[in-house]
Amino acid sequence: MNWKEYFIEIYGSAAAEEWLPRLEKRIKEAGGRLKNELPGGKEQYVILITYPDQFYGEEDKLTLFERFAARYLDGVFDVIHFLPFCPYSSDDGFSVIDYKSLADGLGGWENLERLSERYTLMYDFVCNHVSARHKWFLNCLAGNKKYEKFFIEENPKEDLSMVTRPRTTPLLTRFLTADGEKYFWTTFSDDQIDLNYHNPAVFWEAADVFLTYLERGGRWIRLDAVGFLWKEAGTSCIHQENTHRIVKMLRSMMEEIWPDGRIVTETNVPHADNVSYFGNGYDESHMVYQFPLPMLVLYSFYKKEASVLSEWASGLSLPSEKTSFFNFLASHDGIGVNPVRNIVPEEEIDGLIAHLQEKSGALVSYKENADGSKSAYEVNVSYFSALQEDYDFETAKRRYLNAHGILLGMQGDAAVYINSYLGMENDREGVVKTGRNRSINREKSVYENIVEELERPESRKAQIRKEMERLIRIRKGCDAFDTHAKQTVFKERKELFCYLRTGRTKTVLCLHNFSDKTLEKPGIHGIDLRTGEEVMGSVKIAPFDFKWIAL
């Protein structure tokens, strides 16, 4: 099916008569602006996740980022995923005031255009909600009839107990409008007002933003919190069929004008729901976040064995060569708990969370359940702090690189968060300053200070960054780590996460030791990709270390 057929399925033929000609014209305009560009895919991608204002100083922040990229990112990363760069009112960018502008102090679109000549750029489309200060919502409050239908007004007495809640904040928020007091749907906070996708005019605006981002250099588009897009009375209001149809519609539009583009759906939910956004493998999301991975890696270190990780990884599969896992360990958000429910027993999850709180200074954010109770939604901690615990730096570094060896070794494309690339620790001051748990892993840096530290070889950040770059370059030079290279998981020893990656010319055995003891793997003949040494007969894996052996 193409985007027109999906539109008719959702909105009906009457709405189609009004909106399809406008959408078709807009798509042709976008295609015309892209027609002179030459698309081209790669066999594998390594992605950097970063805020656009990650570095600040006397110049525009994107100018400083360009300078940082030229110094530390060129030849290492293929894709740069910029988290929201629009003017915003809260949540570090995820309460968008104006989708088509850049926030003050960032710079201009020309900065992104220059970066797009060196990297594939991935833009964040916050499609579920807008800021309470967005002009659409301000017009709604002022009584503008056009915009009243852009948002979801609800009676607070309505039974909404079935609605899936990712937060403990109220689902409905009271606002004073020109017509008196009204309650509007606010899934994430009182400053993030949900859009009403039952209104085709809302989809028109969303499609226009989506196409604008393609025109402005974004070749991959991340759909933030997309699972909550469609609300239907009497349901959980998550993963609705029309939500899937909207993603499919956007993909069809993208393929019409940029076939090598990618849609990445962000759905922090259990695995089966998450991979449902692949559709049939050809018609929906190109990539889904591998949400269980961050928590399962931490759980394996906690238990000092990898049996659960191995069992989970052995069951992974992709529906087509047009899809890929977006593998990651850390991001701007916390480490999701929901994705490992039904994989790890609940009491074990509780034990891991308590361990991280005690040993790593982790914080916990909660969600509200249908029965009114609360449960952990995510753990807030920097990934380096999560693995450092009370170990000495060398041991912590070994554990940290082991974890990222899994990220870079497993089937899929690997995404590294900027603060993980730099080995950042918990930002306690940030939490105190903002009052938000997520600030613990959202630290931003004065440009001159971070460069000074990275140029000191003995500093923690310099050591971590150098080793991370080295691992990435090894990965990029080996076709066994290509996105779709075959992956076979072996479950022969619980302390060891062992899997084979088979490429066109190379086969690599990946051996990750989660125990505090040296392990030995016999019957190996190959080259240790990290040291260049030949391995004959057997290989020893030090405590918390890993090996990539090209057989």
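Student: What makes β18 and β19 count as paired strands in this model?

Tutor: Five bridges join β18 to β19, residues 496-502, and the two run antiparallel. Two strands pair if there are at least two bridges between them, so β18 and β19 qualify. Among the partners, Lys 486 is bridged to Thr 502 in β19. Keep in mind that this is a predicted model.

Student: Why is β18 called an edge strand?

Tutor: β18 (486-490) pairs on one side only, and β22 (534-541) does too, so these are the edge strands. The open sheet has six strands in the order β18-β19-β20-β23-β21-β22, with antiparallel pairing. On average, neighbouring strands there are turned by 30 degrees against each other, direction ignored.

Student: Why are helices α2 and α16 called roughly parallel?

Tutor: The axes of α2 (residues 61-72) and α16 (residues 447-454) cross at roughly 10 degrees and come within 11 Å. Angles under 35 degrees count as roughly parallel, so α2 is roughly parallel to α16. On the α2 side, the contact uses Leu 64, Arg 67, Phe 68, Arg 71 and Tyr 72, while α16 brings Tyr 447, Val 451 and Leu 454. By class, that contact has six nonpolar, no polar and two charged residues.

Student: Which classes of residue line the largest cavity?

Tutor: Its lining has four nonpolar, four polar and three charged residues. Among the lining residues are Ile 49, Arg 222, Tyr 289 and Gly 334. The largest cavity holds about 90 Å³ of space, and the structure has six cavities of 30 Å³ or more.

Conventions: Residues are numbered from 1 along each chain as its sequence is written. This is a predicted model: local features need pLDDT of at least 70, side-chain atom pairs count only at pLDDT 80 or more; totals for chains, interfaces and linings use all residues. Side-chain values use heavy atoms; hydrogens and water are left out. Helices (H or I, at least four residues) and strands (E, at least two) are DSSP runs, numbered from the N terminus. Axes are lines fitted to C-alpha atoms, for helices over the stretch in contact, and angles run from 0 to 180 degrees between N-to-C directions. On a 1 Å grid over the protein atoms alone, a cavity is a set of points where a 1.4 Å probe fits but cannot get out, and a pocket is an open set with protein on both sides within 12 Å along at least five of seven lines; lining residues have an atom within 4 Å of a point. Grid points are joined across faces, edges and corners, and a volume is the space filled by probe spheres set on the points. Ala, Val, Leu, Ile, Met, Phe, Trp, Tyr, Cys and Pro count as nonpolar, Asp, Glu, Lys and Arg as charged, and the others, Gly among them, as polar. Angles under 35 degrees count as roughly parallel, over 145 as roughly antiparallel, 65 to 115 as roughly perpendicular and the rest as oblique. Contact means heavy atoms within 4.5 Å.
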